[in-house]
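Biologist: I would like to learn how to read a structure of this kind, one feature at a time. Could we begin with the contacts between charged side chains?

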Amino acid sequence: MALMSSIESAAKYDDEQRQILLKIAARSIAHGLEHGAPLKVDPADYPEPLRTLRATFVTLEMAGNLRGCIGVLEAFRPLVNDVAHNAFAAAFEDPRFPRLRPAELARLDLHISILSPAEPLACVSEADLLRQIRPGIDGLILQDRGHRGTFLPSVWEQLPNPVDFLEHLKRKAGLPGGYWSDSLRVLRYTSESFGGKI
């Protein structure tokens, strides 16, 4: 039997588990408004799949516009804790936005992305990389000489052309357009994403 890559074997979460995670994120943001800190969550109170070490991003939108997005690329804490922490950080610590105000809470749309482990892509040129990436499926991480940036798979909705996706990601990572280097490291991952109103 062929081995599945970690990208293809990423865990799936049922509707009940997704709802639990969305509620944790919403409660952590509400807790942050009241106490200035993320909600403390005990993984032992939750089903086993929600206690596994997973990396997540939490994205906040208001009227279809980004209002905050924070996450991690490598799993190092239980899923429920990662969601609680990143939801708080997206609301109050994203340097691109002011801290969330109480009046904004009811207008937020909340999105959680649970990432698969990232896998390196062996590519010898930009054309080779463009042949390998899967639009609408892959999230990408670019790293080179102290620069690093990522786009979640959901970014394909705004940038469906692979050339545009890659160019914008280079700029996000602080690299010039058209940049290529033999030391450039590219990794890809998938995500399971879901969301709802707070």
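Modeller: A salt bridge is counted when a side-chain nitrogen of Lys or Arg lies within 4 Å of a carboxyl oxygen of Asp or Glu. This is a predicted model, in which local features need pLDDT of at least 70 and side-chain atom pairs count only at pLDDT 80 or more, while totals for chains, interfaces and linings use all residues. Residues are numbered from 1 along each chain as its sequence is written, and side-chain values use heavy atoms, with hydrogens and water left out.

Biologist: What is pLDDT, and what does the chain average?

Modeller: pLDDT is the predictor's confidence in each residue, on a scale from 0 to 100. The chain averages 93, and 94% of the residues score at least 70. Over residues 1-10, however, the pLDDT is below 50, although this stretch has 15 contacts in the model beyond near neighbours in sequence, a contact being heavy atoms within 4.5 Å.

Biologist: How many salt bridges does a search of the whole structure find, and which residue meets K197 in one?

Modeller: The search finds 13 salt bridges. The side chain of K197 meets that of D109, at 3.5 Å from N to O. K197 lies in strand β8 and D109 in strand β3 (residues 108-115), so this pair ties together parts that are 88 residues apart in sequence. Helices (H or I, at least four residues) and strands (E, at least two) are DSSP runs, numbered from the N terminus.

Biologist: Is K197 buried or exposed?

Modeller: Buried means under 20% relative accessible area, exposed means over 50%, and partly exposed is in between, using a 1.4 Å probe and protein chains only. K197 is exposed, with a relative accessible area of 58%. For another case, take D138 and R188, which form a salt bridge whose closest N and O atoms are 3.2 Å apart. D138 lies in the loop between α3 (126-132) and β5 (139-144), and R188 lies in strand β7 (residues 185-189), so the pair ties together parts that are 50 residues apart in sequence. D138 counts as buried at 0% relative accessibility, and R188 counts as buried at 17%.

Biologist: In what order do the four strands of the open sheet stand?

Modeller: Two strands pair if DSSP finds at least two bridges between them. Here the order is β2-β1-β3-β8, with antiparallel pairing. β2 (65-71) and β8 stand at the edges with a single partner strand each, so one side of each is left without a neighbour in the sheet. β3 and β8 pair over seven bridges, and L115 stands opposite S191 in β8.

Biologist: Which strands does α2 touch where it packs on the sheet?

Modeller: α2 touches β1, β2 and β3, and its direction makes about 35 degrees with that of β1. Axes are lines fitted to C-alpha atoms, for helices over the stretch in contact, and angles run from 0 to 180 degrees between N-to-C directions. Of the 14 residues of α2, 13 are buried, so this helix is largely enclosed by the rest of the structure.

Biologist: Which strands does β5 join?

Modeller: Five bridges join β5 to β7, and five join β5 to strand β6 (residues 147-151); both pairings run antiparallel. Q143 stands opposite R185 in β7 and opposite R148 in β6. β5 and β6 form a hairpin with two residues between them, and R145 in the turn has a positive phi of about 50 degrees. β5 is mostly covered, five of its six residues being buried.
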